[in-house]
Amino acid sequence: MTFGTRIAQIRKSKDIKQQDLADTVGTSKDMISRYERDAISPSIDMAAKIAKALNTSLDSLVFGIDLRNDSRPLTTKLHEIETLPTEDIHHILAVIEAFITKNRLQQILK
């Protein structure tokens, strides 16, 4: 399913008219129609506005998966990490990067 198809599908499932979506995100009905037909792609800012207006995630529009509702253990932990202070997040990312680098080196040395 394409990005435009997902916009249309989610919009219709929520019984939102193209004009109403356009008004909410600050564009025209014609632009929404063009996005839904995949004639053009919105900017990342506009895509984020559309996702917010449709009460869905950008992941859901782009990839067809909503990571906000993903209950896998790693995804759950990532959501928890996002609530930590910035300094703690940087420490966690450094540790993760160290493990990734270690794994890459082991793959090269094999």
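Biologist: Why is K77 called partly exposed?

Modeller: K77 has 47% relative accessibility, and buried means under 20% relative accessible area, exposed over 50%, partly exposed in between (1.4 Å probe, protein chains only), so K77 counts as partly exposed. Mind you, this is a predicted model, where local features need pLDDT of at least 70, side-chain atom pairs count only at pLDDT 80 or more, and totals for chains, interfaces and linings use all residues. Residues are numbered from 1 along each chain as its sequence is written, and side-chain values use heavy atoms, with hydrogens and water left out.

Biologist: What makes K77 and E80 a salt bridge?

Modeller: Their side chains meet at 3.4 Å, N to O, and the rule wants a side-chain nitrogen of Lys or Arg within 4 Å of a carboxyl oxygen of Asp or Glu, so the pair qualifies. Both lie in helix α6 (residues 73–81), three residues apart, about one turn of the helix; helices are DSSP runs (H or I, at least four residues), numbered from the N terminus.

Biologist: How do you know whether R11 is buried or exposed?

Modeller: R11 has a relative accessible area of 7%, so it's buried; E36, at 12%, counts as buried too.

Conventions: Helix = DSSP H or I, 4+ residues; strand = E, 2+ residues; numbered from the N terminus.
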